[in-house]
Amino acid sequence: MDNSPVRMTAEETLSENWYLLKKYSFDLRRRDGSWQAQTREVYDRGNGATILLYNREQRTVLLIRQFRMPTFVNDYHGYLIEAAAGLLDNASPEERIRLEAEEETGYRVGHVEKIYVAFMSPGSVTERIHFFMGEYQPGDRVGSG
């Protein structure tokens, strides 16, 4: 007997332009045992990782500035200050975050410490982010970032 609270009834691809946007139709079991038909659009862009790079002695962190179109269309100038991050693209979270940190900040990161994993916007996006911390020193700079 299937005890799942969800019965999938239909799946439709709406877009594969940037990433994958699908519409799911399903029945959801309610607390009283009855089933309720629902539909949701789900955006799948893959999972990612982010890192807060810090220097204990200088009491500083490294952040980057990037343009983000969704913030622009939501009545904001579009530029955000954020921690280095990127999609996993079939790499381990630890491997990917070291590569992203170097690409975005110019600093080569040695040891990284995983802090937690979280879904960032679970109401509509599948993305799960792996959060890391890592220490940097001025001599770790290998590029412009």
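**Chain shape, strands and a surface patch**

Modeller: This is a predicted model. The chain has a radius of gyration of 20 Å, whereas a compact globule of 145 residues would have one near 15 Å.

Biologist: What does the C-alpha trace span along its principal axes?

Modeller: The C-alpha trace of the chain spans about 60 × 35 × 25 Å.

Biologist: And how much of the chain is buried?

Modeller: Buried residues make up 28% of the 145. The accessible surface of the chain comes to about 10,000 Å², and 49% of that belongs to carbon and sulfur atoms.

Biologist: How many helices and strands are there?

Modeller: The chain has two helices and 10 strands. Along the sequence the pattern reads β-β-β-β-β-β-α-β-β-α-β-β.

Biologist: Which way do β4 and β10 run, parallel or antiparallel?

Modeller: Parallel: strand β4 (residues 48-55) is joined to strand β10 (residues 128-135) by seven bridges. Within that pairing, Leu-53 has Gly-134 of β10 as its bridge partner.

Biologist: In what sense does β9 pair with β10?

Modeller: Strand β9 (residues 112-119) pairs with β10 in the antiparallel sense, over seven bridges. There, the bridge partner of Glu-113 is Met-133 in β10.

Biologist: Met-133 again, then. Which residues form the nonpolar patch on the surface?

Modeller: The patch consists of Leu-52, Val-61, Leu-63, Ile-81, Ile-115, Tyr-116 and Met-133. Together they have about 600 Å² of accessible area.

Biologist: Take Ile-81. Where is it found, and is it buried or exposed?

Modeller: Ile-81 is found in strand β7 (residues 79-82). Ile-81 counts as exposed because its relative accessible area is 60%, and the cut-off for exposed is over 50%.

Biologist: New topic: Ala-85. Which strand is that in?

Modeller: Ala-85 is in strand β8, which covers residues 84-87.

Biologist: What is Ala-85 in contact with, leaving aside neighbours within four places in sequence?

Modeller: Ala-49, Thr-50, Ile-97, Glu-100 and Glu-104.

Biologist: How far apart are Ala-85 and Asn-74?

Modeller: They are 11 residues apart in sequence, and 22 Å apart in space from C-alpha to C-alpha.

Key
Residues numbered from 1 in each chain as written. Predicted model: local features only at pLDDT ≥ 70, side-chain atom pairs only at ≥ 80, totals over all residues. Heavy atoms only, no water. Patch = residues over 30% accessible without salt bridge, like charges linked within 9 Å, V, L, I, M, F, W, Y side chains within 5 Å. Areas by Shrake-Rupley, 256 points an atom, 1.4 Å probe, with all protein chains shown as cover. Salt bridge = Lys/Arg side-chain N within 4 Å of Asp/Glu carboxyl O. Helix = DSSP H or I, 4+ residues; strand = E, 2+ residues; numbered from the N terminus. Buried < 20%, exposed > 50% of the residue type's maximum accessible area, 1.4 Å probe, protein only. Contact = heavy atoms within 4.5 Å. Pairing = 2+ DSSP bridges. Rg over C-alpha atoms; globule rule 2.2 N^0.38 Å.
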